[in-house]
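Dear colleague,

Please find below the sequence and structure that I am handing over to you. My findings follow directly after them.

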Amino acid sequence: MGKGRYAKIIGTGSFLPERVVTNKDLEARIATTDEWIYSRTGIRERRIVAADEKTSDLAERASCAAIEMAGIDPQLIDLIVVATTTPDQVFPSVACLLQDRLGIHGGGPAFDVQAVCAGFVYAMDIANRYVQTGGCQYALVVGAETFSRIIDWTDRETCVLFGDGAGAVLLHAAEAPGVISTHLHADGRYHELLSVPSGVSVNYEQVLRGEAYAQMQGSEVFKFAVKCMGDVVDETLTVNGIVKSSIDWLVPHQANIRIIAAMARKLDMTMDKVVVTVDRHGNTSAASIPLALDEAVRDGRIRTGQTLIMEGFGGGFTWGSVLVKM
Ligand code: ACO
């Protein structure tokens, strides 16, 4: 554990845009049904940003809530890591925009991490390493997305799945855990199965037409997600030498209730030990885990001293887990 320091979660926060889009609303626009969407994914509705709402706006609201819960002076924050696939601009990073919005002028590093739906576990891994090595005292770790902006709202295979939102955690260097371990992986061979196949250097004309949209081979992604997240759960237990029953909560990436249920079975957990928001949020990519965490912390389900496992899987492919004692 380096210098014997742990990254302790001292605050959580989240923010969702006001506008609710239900499956019924989508039925009116595309050839789909509430029954198809709910039975395949567990999603009933999602939140979508207003035309003038930015990823940094969502990140700011979630961060303020986390800072308020922690009860600290924001000036103490000496690292900001934002996981996002949908930054306001190509650059500067959302993390730098957020640092300015929060009025933090201490000069600590601020940067974005891009690992799509695994972004939050990647960001937690990085922030944890900063804390462990004495590189920072207070780290703000955010997952924030306006995924609706990279969705083709006429494509029924993708548009029913995603939503917008942000979640944040504040980490503080402490003598007792804290983050216990992190486990990250990637396999770039599968980059074409889940991607936005246009950008600054590829198919730029799609960007100019405002058609830089996410594409996914859903059933292939599904199989990999179940396999990879199952493996990383095993790895987390084995590396730490712990048994399944020592995990109090599963806080998974919220892409599909069937994937979440498979992970719960893997951990011999009943669904009342799993934080589920996919029904109301859809897949908010990097925001989904901190959104779920904040919900369960605030409603009193997740309590101090409990052990939880977060796990994510996303485009790249990227995947990973974080084992935390609250
Ligand atoms: N409404 C009605 N029918 C639909 C819809 C829709 N919205 N979308 C697809 N269909 C049809 C298809 O056209 C297909 O029809 P066909 O059999 O006539 O060809 C049929 O439904 C079945 O489609 P499948 O793709 O086989 O459906 P599946 O059971 O695999 O469910 C889903 C699709 C929900 C996308 C699933 O594959 C999934 O959840 N995949 C994983 C997503 C995921 O985990 N993503 C994580 C990372 S996301 C990120 O990193 C950005």
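How much area do domain 1 and domain 2 bury between them, and what share of it lies on carbon and sulfur atoms? In this predicted model, the two domains bury about 3,500 Å² between them, and 65% of that area is on carbon and sulfur atoms. Within the area that domain 1 buries against domain 2, Cys-117, Val-121 and Tyr-122 supply 17%, more than any other three residues.

The domains themselves come from the domain assignment of the protein, which places domain 1 at 6-176 and domain 2 at 181-325. Domain 1 contributes 51 residues to the contact and domain 2 contributes 44 residues. Taken over C-alpha atoms, the centres of domain 1 and domain 2 are 14 Å apart.

I also examined a pair of helices. Helix α3 spans residues 55-70 and helix α4 spans residues 94-101; their axes come within 10 Å and cross at roughly 55°.

As to the residues involved, α3 brings Thr-55, Ser-56, Asp-57, Ala-59, Glu-60 and Ser-63 to the contact, where they meet Val-94, Leu-97, Leu-98 and Arg-101 of α4. Sorted by class, the contact of α3 with α4 comprises four nonpolar, three polar and three charged residues.

With kind regards

Definitions and conventions. Residues numbered from 1 in each chain as written. Predicted model: local features only at pLDDT ≥ 70, side-chain atom pairs only at ≥ 80, totals over all residues. Heavy atoms only, no water. Axes fitted to C-alpha atoms, helices over the stretch in contact; angles between N-to-C directions. Helix = DSSP H or I, 4+ residues; strand = E, 2+ residues; numbered from the N terminus. Contact = heavy atoms within 4.5 Å. Nonpolar A, V, L, I, M, F, W, Y, C, P; charged D, E, K, R; others polar. Domains from an automatic or database assignment. Buried area = accessible area lost by both parts, 1.4 Å probe.
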